[in-house]
Amino acid sequence: MTPDENFMGEALALARQAEASGEVPVGAVVVINGEIAGRGFNSPIAKSDPTAHAEILALREAGAIVRNYRLEAATLYATLEPCAMCAGALVAARIRRLVFGARDLRFGGVRSKFRIADSELVNHRVEIVEGVLAPECVELVKRFFEQRR
């Protein structure tokens with residue numbers, strides 16, 4: 001198992017926690033120097049906070065740990081392609097690298113609908129890797145929405 005697959009596995013475990021809480025199953029971890037510095041899973045319902053996406057929560061925790069809003073040495077792993085809000089936060093945080101599992105064809109802000117995180121129009125470009133553990137990530141979201149219908 002590669003380091004990217006290992007950390008995506010951690011994000012998947014967090015996504016399952018979101019699912020168990022009735023939230024859309026998305027998980028994220030921020031990794032700095034090979035260690036997890038921030039964790040998050042979707043919690044907008046539980047927190048009554050529209051910004052409580054997995055990525056935002058993981059970024060907040062990592063920023064608090066390193067005591068800096070700039071996370072220039074960090075990689076963020078997310079099970080689902082970040083939305084436009086989260087993609088903007090990755091740029092603001094100066095995240096070095098984003099690794100995500102599944103594309104979000106409806107709301108994706110990194111590849112599917114917009115290309116915010118590595119746009120030539122912004123002051124920082126995030127290196128993007130997609131498709132890590134994609135089948136597991138896709139299945140989790142697909143099953144969640146099938147059960148809702």
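This report describes the helices, the sheet and the nonpolar core of one predicted model.

## Basis of the description

Because the model is predicted, local features need pLDDT of at least 70 and side-chain atom pairs count only at pLDDT 80 or more, while totals for chains, interfaces and linings use all residues. Residues are numbered from 1 along each chain as its sequence is written, and side-chain values use heavy atoms, with hydrogens and water left out.

## Helix H1

Helices and strands are DSSP runs numbered from the N terminus, a helix (H or I) having at least four residues and a strand (E) at least two. Helix H1 covers residues 3–20, and its 18 residues should span 26 Å at 1.5 Å a residue, which agrees with the 26 Å between its end C-alpha atoms; the expected span is 1.5 Å times one less than the number of residues.

The buried residues of H1 are Asp 4, Phe 7, Met 8, Ala 11, Leu 12, Leu 14, Ala 15, Ala 18 and Glu 19, where buried means under 20% relative accessible area, exposed over 50% and partly exposed in between, with a 1.4 Å probe and protein chains only. They cover an arc of only 165° around the axis, which puts them on the same side of H1; the arc is that of the directions from the helix axis to the C-beta atoms. An α-helix has 3.6 residues a turn, so residues three or four places apart point the same way. Pro 3 and Ala 20 are exposed on the face turned away from the buried side of H1. Among the elements that cover the buried residues of H1 are strands S1 (27–32) and S2 (35–41), together with helix H5 (134–148).

## The sheet

Five strands form an open sheet in the order S2-S1-S3-S4-S5, with mixed pairing; two strands pair if DSSP finds at least two bridges between them. The edge strands are S2 and S5 (127–130), each of which pairs on one side only.

S1 and S2 pair in the antiparallel sense over 6 bridges, with Ile 32 opposite Glu 35 in S2. Their hairpin has 2 residues between the strands, and Asn 33 there takes a positive phi near 50°. S1 also runs antiparallel to S3, to which 5 bridges join it, and Val 29 stands opposite Tyr 77 in S3. By contrast, S3 and S4 run parallel and are joined by 5 bridges. Both faces of S1 are covered, with Gly 27, Val 29 and Val 31 buried on one side and Ala 28, Val 30 and Ile 32 buried on the other.

## Helix H5

The 15 residues of H5 reach 21 Å from the first C-alpha to the last, close to the 21 Å expected at 1.5 Å a residue. In H5, Ala 134, Cys 137, Leu 140, Val 141 and Phe 144 are buried. Seen down the axis of H5, these buried residues fall within an arc of 140°, so they line one face of the helix. Pro 135 and Gln 147 are exposed on the other side of H5, whereas H1, S3 and S4 are among the elements that cover its buried residues.

## The nonpolar core

A nonpolar core is a set of buried Ala, Val, Leu, Ile, Met, Phe, Trp, Tyr and Cys residues joined through side-chain atoms within 4.5 Å. The largest such core has 44 residues, of which Met 8, Val 30, Leu 59, Leu 71, Leu 76, Ile 95 and Leu 98 touch the most other members. H1 gives the most to this core, with 6 residues.

Key: Contact means heavy atoms within 4.5 Å.
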